[in-house]
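Q: Could we go through this model together? I would like to begin with how its elements are named.

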Amino acid sequence: MRGDTRLTVLVLDGRSTAQLLLAGEVDLDATPALERTVAGLLRDQAVRRIELDVALVRFCDAGGLSALLASHRMAALRGVPLYLIQVRGTLQKVLDAAGLDELLARPPE
């Protein structure tokens, strides 16, 4: 699924764990596409966890953090944990600086 031209969202269906592969820029413009995709996944009763694979994210600003938090909140309201996986480089620094790493990081299994 494509959001705007700067963010690509690909859904990998793993039944109980849905994985979204994000590629490109996560900013305020990404919010509608990301929220629509997460909302669609949450309509599937089989989905018990959502993982956002952010290995291919090359940019994230405050608007992008807001989009990630809104998606996390939407999933939490339905009792579905939503985590970021494959967090690297700049995005890791942004999450650390905002104090969001522990909230959005996948807990150890």
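A: Helices (H or I, at least four residues) and strands (E, at least two) are DSSP runs, numbered from the N terminus. This is a predicted model, in which local features need pLDDT of at least 70, side-chain atom pairs count only at pLDDT 80 or more, and totals for chains, interfaces and linings use all residues. Residues are numbered from 1 along each chain as its sequence is written, and side-chain values use heavy atoms, with hydrogens and water left out.

Q: Where does Gln86 lie?
A: Gln86 sits in the loop that links strand E4 (82-85) to helix H3 (89-98). Its phi is positive, about 60°, although Gln86 is not a glycine.

Q: Is Gln86 buried, exposed or partly exposed?
A: Gln86 counts as partly exposed because its relative accessibility is 40%. Buried means under 20% relative accessible area, exposed over 50%, and partly exposed in between (1.4 Å probe, protein chains only).

Q: Which residues does Val54 touch?
A: Leaving aside residues up to four places away in sequence, Val54 touches Leu22, Leu84, Ile85, Gln86, Val87 and Leu91. Contact means heavy atoms within 4.5 Å. Val54 belongs to strand E3 (residues 49-60) and, at 3% relative accessibility, counts as buried.

Q: How far is Val54 from Ala98 in space?
A: Their C-alpha atoms are 17 Å apart, and the two residues are 44 apart in sequence.

Q: Changing topic: at what angle do H1 and H2 pack?
A: Helix H1 (residues 31-42) and helix H2 (residues 62-77) pack at about 15°, and their axes are 9 Å apart. Axes are lines fitted to C-alpha atoms, for helices over the stretch in contact, and angles run from 0 to 180 degrees between N-to-C directions. H1 and H2 are therefore roughly parallel to each other; angles under 35 degrees count as such, over 145 as roughly antiparallel, 65 to 115 as roughly perpendicular and the rest as oblique.

Q: Which residues of H1 and H2 meet?
A: From H1, Thr31, Leu34, Glu35, Val38, Ala39 and Leu42 meet Gly63, Ala67, Leu68, Ala70, Ser71, Met74 and Ala75 of H2. Nine of the residues in this contact are nonpolar, three polar and one charged. Here Ala, Val, Leu, Ile, Met, Phe, Trp, Tyr, Cys and Pro count as nonpolar, Asp, Glu, Lys and Arg as charged, and the others, Gly among them, as polar.

Q: And the chain as a whole: how many helices and strands?
A: The chain has four helices and four strands, in the order β-β-α-β-α-β-α-α from the N terminus. Of its 109 residues, 40% count as buried.
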